[in-house]
Amino acid sequence: MRSLLPIIRRIWTNDWWSLLRGAALSVAVLVAGIALLGLSGWFIAAAGVAGLAGAGVVFDVFRPSAGVRFLALGRTAARYGERILTHDATLRGLARLRVDLLTALSTTPFARLPALRASEQLTRLTRDVDALDGVALRLVIPLVAAVATLMISAVALWILVDPALVVWLLASTIAGILPALGLVAMRSRKPSRLSQLALNAFRMRFMDLIQARAELTIFGKLDQRAEYVMDAERRMRKELERNDRIERAGGFLISSAESLTAAGALLIGGLLARAGVIDPALAALGFFATLAIAEALGPLRRGLAEIGRMTDAARRVNRLLDTGKPQAAFARSLTHPESNAPLLQFKDACFSYREEGPLLIADFNLQVASGETVALTGASGSGKSTIMQLAASMVRPTRGTVAILGKDLCDWEEPRLRETVSLLPQRSALLSGAIRDGLAVARPGLNDEDAWAVLSAVALDDVIEARGGLDSRLGESGTGLSGGESRRLALARVLLRRPALLLLDEPTEGLDRDTATRVLAGIRKYLPESGILLASHREAELVFSDRQQDVALFCET
Ligand SMILES: Nc1ncnc2c1ncn2[C@@H]1O[C@H](COP(=O)(O)OP(=O)(O)OP(=O)(O)O)[C@@H](O)[C@H]1O
């Protein structure tokens, strides 16, 4: 339950004014419903008594019937207003929550990114946030409205009818209706939680199946994996059915408790009327009002039946929001870069992926000047990509410094740093959509001339022209190009930034020797002044570089 508090706080602070008005209207709806039933009961009983006493002709039917119409219409109008205000505020609160989750994802420390699965994060953003839409609408607002209505009605019945009726109403609510609601919340907690987990598992497994269908087909495991997906679906249905059964049984218990409360009110009203303490019409008012009050608590049942899936979803969402909190070490000072300092300088830099673990890189030193090309060499797993990430300020050195233009990377303002340094990672992701739009990610407002120039630099202009030009489209994650073509398109995107320092992690992976040589020459021609640091295994890249540095010498593991 505690995990719901940060979510309630977020939804509330996003638009508290609408929620407050919505909750007030919700109380108005319930009070109007109770008053409507109470007044109707009183009206019928009073009219009957007046008829029996032979005073039917002088009995005022107009004011009570006007009151009934007013309450009926007022209730409908208040219900409409309440729905608009609370739904609108909740949906806007959830939209804000999605944006906060996206921000948290995009500020997640780089070292933690490999542990994040795309399908899992998509589930967080969609199913988990959807599961939270009931927190305000089906739990908090109905609870606040029910408690407020119970209090208002108790005071009204105390004044209008008799304190004995109020004592019975409160006692039977506390001893009968609330335990029945509590039972629904307790019993449905597990199945509602498990059904949400099964649904999330189904979505993740299904997305993984689609993404890995080629490999699964090759290994002959497609059917087995499909069965694994369906297994999650079957589990979800089973838990949903179990939850439905509990909700129905809970509904029966709650209705029984409500009927008992109303029956007690009828008995008390009858006894009081027989003793002459109240007149029979007020006894009828007390009975019908109590019936309506008991029913006002009923809607809480739905929210309580979902509490398991809500608290679970809230826990996951809160965890992700915490993961993305900006790290203290990323604070920026306002010192300026020095123009005569080396473009890139590692000074005794050490790094480990685990806080207390052994160093992967120890006392690493390197300088790259503007216009120079340096190749990092070393066996697979020696730490070349990690050095690239240190230079791009994606991860921080454990000890020592990494500086660009004499300014420690910790001291750079993020936008300035991203203008100065660009990285082509080992595995870069292309976006689906038009090629022009994919390139414009790196340079907004890109014109055709610039686009063709950069495509020519990476020897891709002919390929794109043959595909139908800059408006030709790529599929999901850039499918529709060969491996080498995808690599060159990703490279073109990085070049468009025109960075002072270009970091290339195996840039010609997947290219034949001639194309690789052409592409490397194109890069240097496109960015003649930039310093280039590349991680390399390939001869064409080593020949292209001015000097090489072996990472293995600084590698401790
Ligand atoms: N995010 C990470 N968390 C923990 N360990 C990691 C992470 N990324 C890489 N490593 C480990 O760090 C070591 C260096 O990896 P890195 O990718 O820097 O090597 P590399 O020299 O670029 O290898 P390759 O030439 O195969 O690309 C490897 O042992 C790798 O398993």
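Predicted model: local features only at pLDDT ≥ 70, side-chain atom pairs only at ≥ 80, totals over all residues.
The protein has 19 helices and 11 strands, and buried residues make up 39% of its 557 residues. Among the contacts in the protein with a separation of 6 or more, 83% are accounted for by residues 24 or more positions apart.

Four strands form an open sheet in the order E2-E1-E4-E5, and the pairing within this sheet is antiparallel. The edges are held by E2 and E5 (407-408), each of which has a single partner strand, so one side of each is left without a neighbour in the sheet. Helix H12 packs on this sheet, where it touches E1, E2 and E4, and the direction of H12 makes about 120 degrees with that of E1. The pairing of strand E1 (residues 344-351) with strand E2 (residues 361-368) is antiparallel and runs over five bridges; in this pair, phenylalanine 351 stands opposite isoleucine 361 of E2. On pairing with strand E4 (residues 399-404), E1 again shows the antiparallel sense, over five bridges, with cysteine 350 placed opposite arginine 399 of E4. In a regular strand the side chains alternate between the two faces of the sheet.

A further open sheet, of five strands, has the order E6-E9-E10-E3-E11 with parallel pairing. Its edge strands are E6 (421-424) and E11 (547-550), each of which pairs on one side only.

The buried residues of H3 are Leu71, Ala78, Glu82, Leu85, Thr86, Ala89, Thr90, Gly93, Leu94, Leu97 and Ala104. An α-helix has 3.6 residues a turn, so residues three or four places apart point the same way.

Helix H6 (residues 163-211) contains proline 191, which is buried, since 23 other C-beta atoms lie within 10 Å and the criterion for burial is 20 or more. Leaving aside neighbours within four places in sequence, proline 191 is in contact with Glu239, Arg242, Asn243 and Ile246. Proline 191 and glutamate 306, although 115 residues apart in sequence, are separated by 9.3 Å in space, C-alpha to C-alpha.

Positive phi values in residues other than glycine are found at serine 393, where phi is near 60 degrees, and at glutamate 506, where phi is near 50 degrees. Serine 393 is located in the loop between H12 and E4, whereas glutamate 506 is placed in the loop between strand E9 (501-505) and helix H18 (513-526). Serine 393 counts as buried because 20 other C-beta atoms lie within 10 Å, and glutamate 506 is likewise buried, with 20 C-beta neighbours inside 10 Å.

The shell around the ligand consists of 14 residues, of which Tyr353, Ser380, Lys384, Ser385 and Thr386 come nearest. By residue class, this shell divides into five nonpolar, eight polar and one charged. The largest share of the shell, three residues, is contributed by helix H12 (residues 384-391), the helix that also packs on the antiparallel sheet through contacts with E1, E2 and E4.

Technical notes:
Residues numbered from 1 in each chain as written. Near = placed C-beta within 6 Å. Helix = DSSP H or I, 4+ residues; strand = E, 2+ residues; numbered from the N terminus. Nonpolar A, V, L, I, M, F, W, Y, C, P; charged D, E, K, R; others polar. Pairing = 2+ DSSP bridges. Buried ≥ 20, exposed ≤ 12 C-beta atoms within 10 Å, placed from the backbone. Contact = placed C-beta atoms within 7 Å. Axes fitted to C-alpha atoms, helices over the stretch in contact; angles between N-to-C directions.
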